[in-house]
Amino acid sequence: QVQLVESGGDLVQVGGSLRLSCAAGGAIRSINFMGWYRQAPGKQRELVARVSSVGSPFYADSVKGRFTISRDSARSTVYLQMNSLEPEDTGVYYCHAAVITTTIGSLEVWGQGTLVTVSS
């Protein structure tokens with residue numbers, strides 16, 4: 001079993017900041033990508049940012065310059081620092097990881113989601 005535990009979602013005003021955390025645990029041999037997706041009400045889930053095993057980041061155009069993803073490999077944890085938040089950033093943020101397990105090989109895992117609400 002592999003699980004992702006997220007934290008950090010909250011209600012924040014426009015222009016504010018939040019930091020999301022996601023810790024991976026369980027039967028993990030190694031982690032390839034870790035990242036964050038979000039789903040706004042009535043919209044499809046979209047990739048926000050992800051980071052590779054060597055630390056190379058990728059960002060959606062809508063968050064470039066405002067969000068920063070980082071990874072602590074020793075703790076199997078990924079962070080998403082979100083600054084200059086906008087109402088369009090509102091949604092449920094899901095952590096995602098592509099891992100190699102010690103039991104069944106490769107696996108993609110999702111967290112339970114954490115709600116970010118940006119109020120104007």
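1. Buried means under 20% relative accessible area, exposed over 50%, and partly exposed in between, with a 1.4 Å probe and protein chains only. By this rule Trp110, at 37% relative accessibility, counts as partly exposed, while Tyr37, at 19%, counts as buried.

2. The model is predicted: local features need pLDDT of at least 70 and side-chain atom pairs count only at pLDDT 80 or more, whereas totals for chains, interfaces and linings use all residues. Residues are numbered from 1 along each chain as its sequence is written, and side-chain values use heavy atoms, with hydrogens and water left out.

3. The whole structure holds 1 aromatic pair (rings of Phe, Tyr and Trp, the last by its six-membered ring, with centres within 6.5 Å; planes under 30 degrees apart are stacked, over 60 edge-to-face, the rest tilted). Tyr37 and Trp110 form this edge-to-face pair, with 4.9 Å centre to centre and 65° between the planes. Tyr37 belongs to strand β4 (residues 28-39) and Trp110 to strand β10 (residues 106-110), so the pair links distant parts of the chain, 73 residues apart. Strands are DSSP runs of E with at least two residues, numbered from the N terminus.

4. Which ring lies under the charged end of Arg45? That ring is Trp110, whose centre is 4.7 Å away. Arg19 lies over the face of Tyr79, at 4.0 Å from the ring centre. A charge sits over a ring if NZ of Lys or CZ of Arg is within 6 Å of the ring centre and within 35 degrees of the ring normal.

5. Ser76, although not a glycine, has a positive phi of about 50°; this residue is in the loop between β7 (67-72) and β8 (77-82). Ser84 also has a positive phi, near 50°, and lies in the loop between β8 and β9 (91-101).

Conventions
Helices (H or I, at least four residues) and strands (E, at least two) are DSSP runs, numbered from the N terminus.
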